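Biologist: Could you walk me through this model before I set up anything with it?

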Amino acid sequence: MITQIEQLMYQMSDFFMAPVLILLVILFIYSLFAIGECIAQTWQRKQNQNHFNEFVNSKDVAQFSGKNLQGYPIAQLANHNKKIDKDQLDVAALKLLEGVRNVSRLAPMLGLIATMIPMGPALKSLADGDIQGISENLIIAFSAVIFGLVIASITFWIASVKKRWLAEELVAVNARANLSNPQATKPQAEQNNAAA
């Protein structure tokens with residue numbers, strides 16, 4: 001019974017090798033796309049920094065309906081949806097980071113899976129004295145883990161940069177909301193006294 005379970009697990013782990021390698025290639029392509037997107041956003045932020053500063057410092061909400069805020073997704077969202085609140089902006093920021101954050105965590109796991117799967121056949125080749133079988137399996141194993149770590153490094157760096165950008169935008173947009181709505185900055189007790 002145990003032998004059958006071990007054999008089944010060995011066969012199933014061998015079955016996972018192709019999908020894991022395909023996923024690693026897809027994630028590598030995604031990481032290259034994410035680098036290009038980050039570079040484009042950096043350029044957009046530099047081009048539209050004056051518009052963003054005007055948006056943040058203005059009290060007139062209608063003044064920015066036609067201004068270009070590309071590269072500043074939270075400011076764009078706040079500009080297009082005047083009634084959006086802080087929690088909705090936080091959720092939007094998390095959604096913008098979700099892709100690169102998930103890939104930066106998933107890629108090393110897939111790399112480890114793709115490293116461990118060929119180790120079984122490599123050890124079997126070692127027991128059989130097949131040096132070529134060992135080298136072929138170890139090449140796949142080490143290549144997979146290197147791909148996983150490269151993908152994770154790229155996407156982790158992008159996620160860190162974007163997280164800082166989004167945090168800066170959230171702080172600026174929330175400060176602007178408080179400027180345009182002075183009632184929001186008063187303590188709740190003062191608002192209740194004013195209402196009475």
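Modeller: What follows goes from the overall fold to one helix pair and then to an aromatic pair.

Modeller: This is a predicted model, in which local features need pLDDT of at least 70 and side-chain atom pairs count only at pLDDT 80 or more, whereas totals for chains, interfaces and linings use all residues. Residues are numbered from 1 along each chain as its sequence is written, and side-chain values use heavy atoms, with hydrogens and water left out.

Biologist: How many helices and strands does the protein come to?

Modeller: There are 8 helices and 0 strands, taken as DSSP runs numbered from the N terminus (H or I of at least four residues for helices, E of at least two for strands).

Biologist: And what share of the residues is buried?

Modeller: Of the 196 residues, 32% count as buried, meaning under 20% relative accessible area with a 1.4 Å probe and protein chains only, while over 50% is exposed and anything in between is partly exposed.

Biologist: Switching topic, how do α2 and α5 pack?

Modeller: Helix α2 (residues 17-47) and helix α5 (residues 86-116) pack at an angle of about 145 degrees, and their axes are 10 Å apart; the axes are lines fitted to C-alpha atoms over the stretch in contact, and angles between N-to-C directions run from 0 to 180 degrees.

Biologist: Which residues of α2 meet α5?

Modeller: Among them are Leu-24, Leu-27 and Tyr-30 in α2, which meet a set in α5 including Val-103, Leu-106 and Gly-111, where contact means heavy atoms within 4.5 Å.

Biologist: Why is the pair of Phe-52 and Tyr-72 called stacked?

Modeller: The ring centres of Phe-52 and Tyr-72 are 4.3 Å apart and their planes are at 5 degrees, so the pair is stacked. Phe-52 is buried at a relative accessible area of 10%, and Tyr-72 is buried at 4%.

Biologist: Is Glu-169 buried or exposed?

Modeller: Glu-169, in helix α7 (residues 131-180), is buried, with a relative accessible area of 1%. Leaving aside neighbours within four places in sequence, Glu-169 is in contact with residues including Arg-45, Phe-52 and Tyr-72.

Terms used: Rings of Phe, Tyr and Trp (its six-membered ring) pair if their centres lie within 6.5 Å; planes under 30 degrees apart count as stacked, over 60 as edge-to-face and the rest as tilted.
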